[in-house]
Amino acid sequence: MGLVAAKIEPTAKEEIVNGLTQSLAETAIATLKAQNFHWNVTGMSFGALHALFQEIYEDHFEGQDTLAERIKTFDAHAEGRYSVFLERSAIEEHDGRTDARTMVEVLMQDQETLSSTLSALAEVADQHGDFATNDLATARIEQHDKFAWMLRAHLKTTAA
């Protein structure tokens, strides 16, 4: 049976909030990186990548809000400082000074990292009967997997 956030035991809440905070940190860094690449992409694929990078950062911006609001349902603090996000995140920031192919490769890896982090969160939430967090994580996994696929398709040189 699933539990509402207020009914989850304190140690379980701490573990879930930790996973949510990790996901929030990585999403925030990935958001800024996608926006940075959106501003700085050049080359023959400019139009398509400019649009895709915007789609990614807009999605991630909404994802940040969803993750932070879920943290608040546990009456926990939703972190909002990039300095803390950078300390926690497995995703690193980027100065945006690179070619379009590298931008695509880096963002694809970031999407895979986010999917992995959220998969771990989904498992923790499921173990503690927190179906709402599991559902949130699963929805975000689906989105990150889709973006990873779209980015990976840009790297293909032959038809599959």
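I count angles under 35 degrees as roughly parallel, over 145 as roughly antiparallel, 65 to 115 as roughly perpendicular and the rest as oblique. The model is predicted, so I took local features only at pLDDT of at least 70 and side-chain atom pairs only at pLDDT 80 or more, while totals for chains, interfaces and linings use all residues. I number residues from 1 along each chain as its sequence is written, and side-chain values use heavy atoms, without hydrogens or water.

**Overall.** I looked up the secondary structure and found five helices and zero strands. Helices (H or I, at least four residues) and strands (E, at least two) are DSSP runs, numbered from the N terminus.

**H2 and H4.** I checked helix H2 (residues 46–73) against helix H4 (residues 100–127). Their angle is about 25°, and their axes are 12 Å apart. H2 and H4 are therefore roughly parallel to each other. I then listed the residues that meet, with contact meaning heavy atoms within 4.5 Å. From H2 come Leu49, Phe53, Ile56, His60 and Leu67; from H4 come Ala100, Met103, Val104, Leu107, Gln111, Leu114 and Leu118.

**His144.** I found His144 in helix H5 (residues 131–155). Is His144 buried or exposed? His144 counts as buried, because its relative accessibility is 0%. Buried means under 20% relative accessible area, exposed over 50%, and partly exposed in between (1.4 Å probe, protein chains only). Neighbours within four places in sequence aside, His144 touches His60, Gln111, Leu114, Ser115 and Leu118. Of these, I had already noted His60 in H2 and Gln111 in H4.

**Whole protein.** Buried residues make up 46% of the 160 residues.

How values were computed:
Axes are lines fitted to C-alpha atoms, for helices over the stretch in contact, and angles run from 0 to 180 degrees between N-to-C directions.
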